[in-house]
Amino acid sequence: MKSTNIISPLHHSGQKPLRIGLQGDVADPRAKSFLYVLDILPRLQRLPKYILLENVKGFEDSSARNVFLQTLEKCGFQYQEFLLSPTCLAIPNSRLRYFLIAKLLPEPFSFQTSNQILTEFPNPEGMCLQEHSVPMNLDKDWPFVPAEETKMTSKPSRQYSEQGPFLFKLETPEDAERKKTQNNDISIQMLQVFLEDGAEDLSQYFLPPKSLLRYALLLDIVKPTSRRSTCFTKGYGHYVEGTGSVLQSAEDVEMESVFKLLETLSEEEKLKRLSTLQLRYFTPREIAKLHGFPQEFSFPDKTTVKQRYRLLGNSLNVHIVAKLITVLLI
């Protein structure tokens, strides 16, 4: 029977990737399982034929990654690295992750491997679609930059501009333009494909007044017709800032009319305006759909909504992994 190892070192959404060496994180308890694999792999009497590894973006710059590649080469593996987001499969969710697939020689890959990190899957003809270093701005939704840092490094405007869009939230012109470009990309599906059909009571997912007043200018708001959403982390539904997009249920309401001069209003008037958007969290079921979980998937009844968000925040995109396994085995 063929052996395929899937290794996911330190995959905790929102946490820093494993770094050892000069960074001194070798004592990090999260690293123990991965370091154990690196230690025993060369000593195995029978090596696995296939290996699939996943980690957060940033692992590609770590010392651990370099040691891992050296171990693979020592053991006679051929490998290919990737940085992939579900958007490359037309899924409207940014979740950029590092992947590596490896095959024990002499069995070859069905495509020409590259020593560069690929940002797309190999095509059927066997040539890589993209064979170049990953651009720095490949996925600006990761890592999340706290609002405090954003305020220090940029000066968002909330005025009309003849050169660009109206900025009604704490975002830069570049942020607004990026979101506009993403929403205009017809190669990506709309979010409405992944939304609940009304079978579940959605009232519990609407943002409470306190969150609306406190975080209104920091929310990443999308509509059912949007073709984008930010990475959902394990803190989604509990924390608001930087944990994932929220959905505007009232599609006919113009956000510009809501946010224009919002800061000049009383709390009562602010809340009245913001409530017209009918903002809610994505349900666990909807996030599971974006992750590629099958329709029949369900959580145990005793798991809370918070626990479900945490599990999904630490999850993998099923479609990405499935395609990588296909590429690995053919």
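Seven bridges tie β2 to β4, and the two strands run antiparallel; strands count as paired if DSSP finds at least two bridges between them. Strand β2 covers residues 50–56, and seven of its seven residues are buried, so the strand is largely enclosed by the rest of the structure. Buried here means under 20% relative accessible area, exposed means over 50%, and partly exposed is in between, using a 1.4 Å probe and protein chains only.

A quick word on what you're looking at: this is a predicted model, where local features need pLDDT of at least 70, side-chain atom pairs count only at pLDDT 80 or more, and totals for chains, interfaces and linings use all residues. Residues are numbered from 1 along each chain as its sequence is written, and side-chain values use heavy atoms, with hydrogens and water left out.

Zooming out, the protein has ten helices and seven strands. Those are DSSP runs numbered from the N terminus, with helices being H or I of at least four residues and strands E of at least two. Of the 330 residues, 45% count as buried. If you take contacts between residues at least 6 apart in sequence, 71% of them join residues at least 24 apart, a contact being heavy atoms within 4.5 Å.

Back to the strands. An open sheet is formed by three of them in the order β5-β6-β7, with mixed pairing. Its edges are β5 (221–222) and β7 (279–281), each of which pairs on one side only. Between β5 and β6 (residues 246–248) there are two bridges, and these strands run parallel. Val222 sits opposite Leu247 in β6.

Now for a helix. In α4 (residues 173–183), Ala176, Arg178 and Lys179 are buried. Looking down the axis of α4, the buried residues fall within an arc of 160°, so they line one face of the helix; the arc is that of the directions from the helix axis to the C-beta atoms.

Another helix worth a stop is α9 (residues 305–313), which holds Val305. Val305 is partly exposed, with a relative accessible area of 28%. Leaving out residues up to four places away in sequence, Val305 touches Gln204, Tyr205 and Pro284. Its C-alpha atom is 8.6 Å from that of Thr283, 22 residues apart along the chain.

Leu105 and Pro106 are joined by a cis peptide bond, with omega about 15°, and Pro106 lies in the loop between β4 (97–104) and α3 (147–153). Ala90 is not a glycine, yet its phi is positive at about 70°; Ala90 is in the loop between β3 (77–84) and β4. Leu261 also has a positive phi, near 60°, and is found in the loop between α6 (255–259) and α7 (267–275). Leu261 is exposed, with a relative accessible area of 57%.

A cavity is a set of points on a 1 Å grid over the protein atoms alone where a 1.4 Å probe fits but cannot get out, and lining residues have an atom within 4 Å of a point. The largest cavity holds about 40 Å³ of space, and its lining includes Glu54, Arg97 and Phe99.

Terms used
On a 1 Å grid over the protein atoms alone, a cavity is a set of points where a 1.4 Å probe fits but cannot get out, and a pocket is an open set with protein on both sides within 12 Å along at least five of seven lines; lining residues have an atom within 4 Å of a point. Grid points are joined across faces, edges and corners, and a volume is the space filled by probe spheres set on the points.
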